[in-house]
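Let me put my model up on the screen and then talk you through it.

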Amino acid sequence: MTTLLPLDQMSRGEKLRALMDLENDLFPVTDDKSPPSWHLELLEETERRLAAGEEQFVSLEEVKRRLAGLK
């Protein structure tokens, strides 16, 4: 299915409302505040990799330095 929006004819407000409608459809708000199951799996895998020495923590300053080098 292809949905075409007349973006060149839409106001900024109309575009923002369309964007919010898409976000609400993709990520509906629910009363369930528990994290998704894949999140726990990802955390457990990260913990396993840390214990095995396959991962390491880096400081925020190091992350910023690395990202600055990508520019």
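I'll start with the overall picture, then go to the salt bridges, and end on a surface patch.

Quick housekeeping: this is a predicted model, so local features need pLDDT of at least 70 and side-chain atom pairs count only at pLDDT 80 or more, while totals for chains, interfaces and linings use all residues. Residues are numbered from 1 along each chain as its sequence is written, and side-chain values use heavy atoms, with hydrogens and water left out.

We have 3 helices and 0 strands, where helices are DSSP runs of H or I with at least four residues, strands are E runs of at least two, and numbering goes from the N terminus. The radius of gyration is 20 Å, whereas a compact globule of 71 residues would come in near 11 Å; that's over C-alpha atoms, with the globule rule being 2.2 Å times the number of residues to the power 0.38. Along the principal axes, the C-alpha atoms fill a box of roughly 55 × 40 × 25 Å.

Now, the salt bridges. The count is 6, taking a side-chain nitrogen of Lys or Arg within 4 Å of a carboxyl oxygen of Asp or Glu. In helix α2, residues 37-51, Glu45 pairs with Arg48 at 2.8 Å, N to O. Those two sit 3 residues apart, so they are separated by about one helical turn. Glu45 is partly exposed at 35%, and so is Arg48 at 40%. Arg49 bridges to Glu54 at 3.3 Å, and Glu45, Arg48, Arg49, Glu54 and Glu55 are all linked in a salt-bridge network.

Over in α3, Glu62 meets Arg65 at 2.5 Å, again 3 residues apart and about one helical turn. Arg65 is exposed, at 52%.

Last stop, the patch. Val58, Leu60, Val63, Leu67 and Leu70 make a nonpolar surface patch of about 460 Å². Patch residues have over 30% relative accessible area and no salt bridge; like charges are joined within 9 Å, nonpolar side chains (Val, Leu, Ile, Met, Phe, Trp, Tyr) within 5 Å. Areas are Shrake-Rupley with a 1.4 Å probe, and for residues only the protein chains shown count as cover. Leu70 lies in the segment after α3 and is exposed, at 69%.

How values were computed:
Expected span 1.5 Å × (residues − 1). Buried < 20%, exposed > 50% of the residue type's maximum accessible area, 1.4 Å probe, protein only.
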